[in-house]
Amino acid sequence: MVNIADQVFFCWQAILRHRFRSIMVLLAISIGVASVVVLTALGEGARQYVLGEFAFLGKDILVVLPGKKETTGGLPPIMGEAPRDLTLDDTHNLGRRLSSIDQLAPLIVGSAEVSYDARAREVMVLGTTEAFVSLRSLRLASGRNIKTDDFRRDSNECLIGETVKDELLGSISATGIKLRIGDYRCRIVGVLAGRGDAMGMNLSDAIIISVASAEKLFDTPGIFRLLVSVKPGFDIDSVKQRIIEVMTDLHQGEEDITVISPDAMLATFDDIFVVLTLGVAAIAGISLLVAGVLIMNVMLINVSQRTEEIGLLKALGASADDVQRLFLLESIITVAVGTGVGWLSGWLLVTVGRELIPNVPFQTPPWATLIAIAVALLTGLVFSWLPAKRASELQPVTALQKHK
Amino acid sequence: MMIELRDVCKTFYLGESSVQALNHVNLTINAGEYLSVMGPSGSGKSTLLNMLGLLDRPDSGYYGLSDTDTNQLTDNQRAAMRSEYIGFVFQAYHLVPRLTARENIELPMMLAGISNGERHRLSSQAMQRLGIEDRAHHLPNQLSGGQRQRVALARAIVRRPSILLADEPTGNLDSHSGIEVMELIEELNRDGITLLMVTHDAVLGARAPRRIKMLDGTVDEDIIDREVELST
């Protein structure tokens, strides 16, 4: 029985001797492991990114959409066609009838050319109420929030994003300046701070006006979304039910709205991304199996080229088990080094990716790393079993005569 | 360690044709004997050597090593017996090319799981005995033929086997280093090891006090030289 340190030394010598062959196996394994590490990091990064995008919605906020999805389950009808509009009157009545509602922010979204002096710019116009700023946790760089005491009435106050300010006004102070949006004129009362994207909206390149003005500007009777914040102490799910009941009542008994709580939305996205990440992990895993086939081939070549050595080892007193162990160990060492290299280079790639795209938190989930390492080692073991077995069964006599 | 072969047969099959390499061979070798085995190619010399070295199993017949019926042993037990009692020297040396001389010599001890310190001590002894202690760190391809065979010889005897099986040990050497290696081998025999040498060379073969001639898988001649035996 050969002691383990000697086995490792002996195998290591053999690996070094057949450097090119060993590097091939090592590469195959490390590419497999690295791709699992990198691809799952992409999936997990995308998941975290999307979750982060929704994080601005607090736990006590509900989103009301016009339209009702017929079937249960699946994605909410974010892009769904509404059979009946959700109006500002509905919004007003909803707020009046439900004491559990704290703030309401109806949204009308469109795009229009905004001009000041000779400069003009196509920007996103967001019609809403003053509640929007607090519901979305927005901060103001200067000035104050718009005032919409009764959101069903026009107001000529507006907020602009930083990009809009820079592009249209340059360095002049924004507060008090009047802008034109088509026929509509509004006065800037404040500038939004920050630039990030959220939910596909870049608010720094947007202008916020009152919802009633936006309704006129875009000549639309219905609102796009309604954000509702629930008063502290009320159960969010029962408020959700109450909103559906009241809206059904307001719409003559027809249930034609959808209410989403951020939790439900997040759960759906979470599910999608977990499945996606698992999918890419599985695809990357296949490359490990392919590497396994390579290992088997390389080991078979190895065995047939080292017939003489195997015969010699047996003549010198090695048992079949000793020979099998030595060949298994040799490929396990190679695979282990390959796994290490793959893990390290995958980790490096992920780290570099995080530096290049700081918005997306690329990170390999621990389960993916564990599975990649386990699958790689298992592949190495399984696919070198046969060659090692074959080596151990070589008759020393034929083995030695081959090179006589 | 006494070697006893009774009615040992071995046939090799190559496609349609078959060769009866050993045909009812009977042979008894006492501990400490020195035999040369000669005969034309294909007469069964190497098969006999492999059989004695437990590298091959007979198709039929009895092979006893000190009263142990080797046919009853498992492959692992046979490996253990090889490790313990039998040393091999081959014409082609069969050194592991990536290992140094010392590592090659230590290989059988490594396989037997002997500790590092003991290995070092025994391999140093063997190298000293064969005059290659200054070659310990050389790789086989940095050694001359004679030196390689000395390393192989050191490897064969480092575990102090009872039997040394040599297959054309000087076949790849020039006559000068051939004689040197032969003298080393014979010296081992004088120290008590049973020596069995297969050779083509009649002059070398004649050095042995007991000479066997193989022909068509049988022992054709078995001459024991009483005078030589008595004079040593």
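1. Among the contacts in chain A that link residues at least 6 apart in sequence, 82% join residues at least 24 apart. This chain is built from 12 helices and 12 strands, and of its 404 residues 40% count as buried. The model is a predicted one, and each value in this note should be read with that in mind.

2. For chain B, 69% of the contacts between residues at least 6 apart in sequence join residues at least 24 apart. The secondary structure of chain B consists of 8 helices and 10 strands, while buried residues account for 46% of its 232 residues.

3. On the meeting of the two chains, 23 residues of chain B are in contact with 25 residues of chain A. On the side of chain B that touches chain A, helix H2 (75-85) and helix H3 (101-111) of chain B each supply at least two residues, and H2(B) gives the most, with 5 residues. Sorted by class, the residues on this side of chain B are 12 nonpolar, 7 polar and 4 charged.

4. Within chain A, helix H1 (residues 4-17) packs against helix H10 (residues 320-356) at an angle of about 65 degrees, and the axes of these two helices are 9 Å apart. Since angles of 65 to 115 degrees count as roughly perpendicular, H1(A) and H10(A) are therefore described as roughly perpendicular to each other. Their crossing is right-handed.

5. The residues that form this helix contact can be followed in the structure: from H1(A) come A:Gln7, A:Val8, A:Phe10, A:Cys11, A:Trp12, A:Ala14 and A:Ile15, and they meet A:Arg325, A:Leu326, A:Leu329, A:Glu330, A:Ile333 and A:Thr334 of H10(A). By class, the contact of H1(A) with H10(A) holds 9 nonpolar, 2 polar and 2 charged residues.

6. The largest nonpolar core has 114 residues, and those that touch the most other members are A:Val37, B:Val37, B:Leu153, B:Ala154, B:Leu164, B:Leu165 and B:Leu196. Helix H2 (residues 19-54) of chain A provides the largest share of this core, namely 12 residues. As general background, nonpolar side chains tend to be buried together in soluble globular proteins.

7. B:Leu153 deserves a separate look. When its neighbours within four places in sequence are left aside, B:Leu153 is in contact with B:Val89, B:Leu130, B:Val181, B:Leu184 and B:Ile185.

Terms used
Residues numbered from 1 in each chain as written. Chains lettered and ligands numbered in written order. Predicted model: local features only at pLDDT ≥ 70, side-chain atom pairs only at ≥ 80, totals over all residues. Contact = placed C-beta atoms within 7 Å. Helix = DSSP H or I, 4+ residues; strand = E, 2+ residues; numbered from the N terminus. Nonpolar A, V, L, I, M, F, W, Y, C, P; charged D, E, K, R; others polar. Axes fitted to C-alpha atoms, helices over the stretch in contact; angles between N-to-C directions. Parallel < 35°, antiparallel > 145°, perpendicular 65-115°, else oblique. Left-handed = near helix turned anticlockwise from the far one by under 90°. Buried ≥ 20, exposed ≤ 12 C-beta atoms within 10 Å, placed from the backbone. Core = buried A, V, L, I, M, F, W, Y, C linked by C-beta atoms within 7 Å.
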